[in-house]
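Please read it with the structure open beside you.

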Amino acid sequence: MKVGRTVRAASIMNEKRRASYLIQSDFERLEEWCKLVTILFNSHMLYLVGSVLERSNFRDVDLRLMMFDEEFDARWSELIQVRLMNRAISIWGQQETGLPIDFQIHRMTEANAGFSQKDGH
């Protein structure tokens, strides 16, 4: 009986969610690079999202830079400009960190469209 309880407790402990599935040294390199990105864009709304937060076999490291709609519209009048910047920043991040970075700039309204107030957003 005690063994069963111990195994069950260990199972519950293993189900605890981690902040991310990056190892510490990768996380530190990512954090240092993200500081440069926030300086570049003069923004502190850079978010780590996606599979790296959910599972150990993540495919890429998703980073999203949120911009207020007015700023986004003034800076990125053409969709191709955003796509090229996303690709350039992603490649820079991959080279700096050694991680499979997927960087994207998003307008605040579209980025938040998938979330409602009832979800706590």
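Is arginine 59 buried or exposed? Arginine 59 is exposed, at 68% relative accessible area. Buried means under 20% relative accessible area, exposed over 50%, and partly exposed in between, with a 1.4 Å probe and protein chains only.

1. Ground rules. This is a predicted model, so local features need pLDDT of at least 70 and side-chain atom pairs count only at pLDDT 80 or more, while totals for chains, interfaces and linings use all residues. Residues are numbered from 1 along each chain as its sequence is written, and side-chain values use heavy atoms, with hydrogens and water left out.

2. Salt bridges. The structure holds 9 of them. The term means a side-chain nitrogen of Lys or Arg within 4 Å of a carboxyl oxygen of Asp or Glu. One joins aspartate 60 to arginine 59, with the closest N and O atoms 3.4 Å apart. Aspartate 60 is buried at 8%, whereas arginine 59 is exposed.

3. Aspartate 69 and arginine 107 form a salt bridge at 3.7 Å, N to O. Aspartate 69 sits in helix 3 (residues 69-75) and arginine 107 in strand 3 (residues 101-107), so this pair ties together parts 38 residues apart in sequence. Helices (H or I, at least four residues) and strands (E, at least two) are DSSP runs, numbered from the N terminus. Arginine 107 also bridges to glutamate 110, where the closest N and O atoms are 2.9 Å apart. Glutamate 110 is partly exposed, at 47% relative accessibility. Shared partners join Asp69, Asp73, Arg107 and Glu110 into one network.

4. The core. In soluble globular proteins, nonpolar side chains tend to be buried together. A nonpolar core here is a set of buried Ala, Val, Leu, Ile, Met, Phe, Trp, Tyr and Cys residues joined through side-chain atoms within 4.5 Å. The largest one has 21 residues, and those touching the most other members are Leu30, Trp33, Phe41, Leu63, Ile101, Phe103 and Ile105. Helix 2 (24-41), strand 2 (61-67), helix 4 (79-97) and strand 3 each give two or more residues. Helix 2 gives the largest share, 5 residues.

5. Aromatic pairs. There are 2 in the whole structure. Rings of Phe, Tyr and Trp (its six-membered ring) pair if their centres lie within 6.5 Å; planes under 30 degrees apart count as stacked, over 60 as edge-to-face and the rest as tilted. Tryptophan 33 and tryptophan 92 have ring centres 5.3 Å apart and planes at 70°, so they are edge-to-face. Tryptophan 33 is in helix 2 and tryptophan 92 in helix 4, so the pair ties together parts 59 residues apart in sequence. Tryptophan 33 is buried at 2%; tryptophan 92 is partly exposed at 25%. Phenylalanine 41 and phenylalanine 103 have centres 6.0 Å apart and planes at 25°, so this pair is stacked. Phenylalanine 41 lies in helix 2 and phenylalanine 103 in strand 3, 62 residues apart. Both are buried.

6. Helix 4. Which of its residues are buried? They are Val82, Asn86, Ile89, Ser90, Gly93 and Thr97. These residues cover an arc of only 105° around the axis, so they lie on the same side of helix 4. The arc is that of the directions from the helix axis to the C-beta atoms. The face turned away from the buried side carries exposed Arg87 and Gln95. Glycine 98 follows helix 4, with a positive phi near 75°.
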